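Trainee: I am new to this structure. Could you take me through it, one question at a time?

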Amino acid sequence: MSQLELTLAIIKPDAVTSRIAGEIVSIIERHGFRIRGLRMVHLTAAEAEGFYAVHRGKPFFRGLVKFMTEGPIIVMALEREDAIQKWRELMGATDPEQAAEGTIRRWFGASTQRNTVHGSDASETARVEVAYFFPEIFSASSRGPSGKPRGAGPARRR
Ligand code: GDP
């Protein structure tokens with residue numbers, strides 16, 4: 001039987017600016033996800049570079065950082081069975097033109113870059129990404145001797 005899982009979802013600046021964030025949240029809830037955390041954040045360039053470090057050096061990296069810092073984003077910790085895979089299915093392919101009918105990127109995405117949403121791609125990245133924005137979710141199981149969540153705060157940011 002599938003287990004409850006957490007994943008990180010981001011509503012990107014294009015969707016927040018064009019006021020479809022509420023609609024996206026509504027779609028997420030209708031698809032059985034429980035929102036365990038939700039925050040609006042305006043990433044700095046250093047934070048966006050850290051978050052997308054795996055893409056450093058690629059031709060689209062600088063544009064991606066510029067895009068992700070152009071306005072606020074909404075970050076969410078989502079929970080359901082197979083949350084990581086189910087959220088990626090609901091997002092659709094990176095390029096909205098390649099995304100399947102009935103996916104968020106197909107409905108709302110403007111281009112491969114401005115594709116409205118992010119989702120963790122594997123269980124380890126999901127754990128790191130959720131803990132980065134919502135350290136309190138893991139605090140019960142990850143408190144260090146000082147009582148502070150291990151690695152929480154800016155030093156943990158990647
Ligand atoms: P994702 O997991 O579907 O979000 O895709 P990736 O992890 O491969 O890429 C991260 C983000 O970088 C994407 O969601 C896009 O916003 C952007 N991106 C990826 N590939 C390209 C590309 O070829 N061109 C441009 N302009 N942006 C891209």
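Trainee: Which helix lies across E1, E3 and E4?

Mentor: Keep in mind that this is a predicted model. Look for a helix running at about 35° to E1.

Trainee: What is the order of the strands in the open sheet?

Mentor: The sheet has four strands, and the pairing is antiparallel. Strand E2 (34-41) and strand E4 (117-119) each pair on one side only, as edge strands. Neighbouring strands are turned by 20° against each other on average, direction ignored. The order is E2-E3-E1-E4.

Trainee: How many bridges join strand E1 to strand E3?

Mentor: Strand E1 covers residues 4-11, and strand E3 covers residues 73-81. Ile11 stands opposite Ile74 in E3. The two strands run antiparallel, and the number of bridges joining them is eight.

Trainee: Is Arg19 buried or exposed?

Mentor: Find Arg19 in the loop between helix H1 (13-17) and helix H2 (21-30). Its phi is positive, about 60°, although Arg19 is not a glycine. Most residues other than glycine have a negative phi. Because Arg19 has 8 C-beta neighbours inside 10 Å, and 12 or fewer is the cut-off, it counts as exposed.

Trainee: Where is Asp82?

Mentor: Asp82 also is not a glycine, yet has a positive phi of about 50°. It has 14 other C-beta atoms within 10 Å, so Asp82 is partly exposed. Its place is the loop between E3 and H5.

Trainee: How many charged residues are in the shell around the ligand?

Mentor: The residues surrounding the ligand include Phe60, Leu64, His118 and Asp121. By class, two in the shell are nonpolar and six are polar. The number of charged residues is one.

How values were computed:
Residues numbered from 1 in each chain as written. Predicted model: local features only at pLDDT ≥ 70, side-chain atom pairs only at ≥ 80, totals over all residues. Near = placed C-beta within 6 Å. Nonpolar A, V, L, I, M, F, W, Y, C, P; charged D, E, K, R; others polar. Pairing = 2+ DSSP bridges. Axes fitted to C-alpha atoms, helices over the stretch in contact; angles between N-to-C directions. Contact = placed C-beta atoms within 7 Å. Buried ≥ 20, exposed ≤ 12 C-beta atoms within 10 Å, placed from the backbone.
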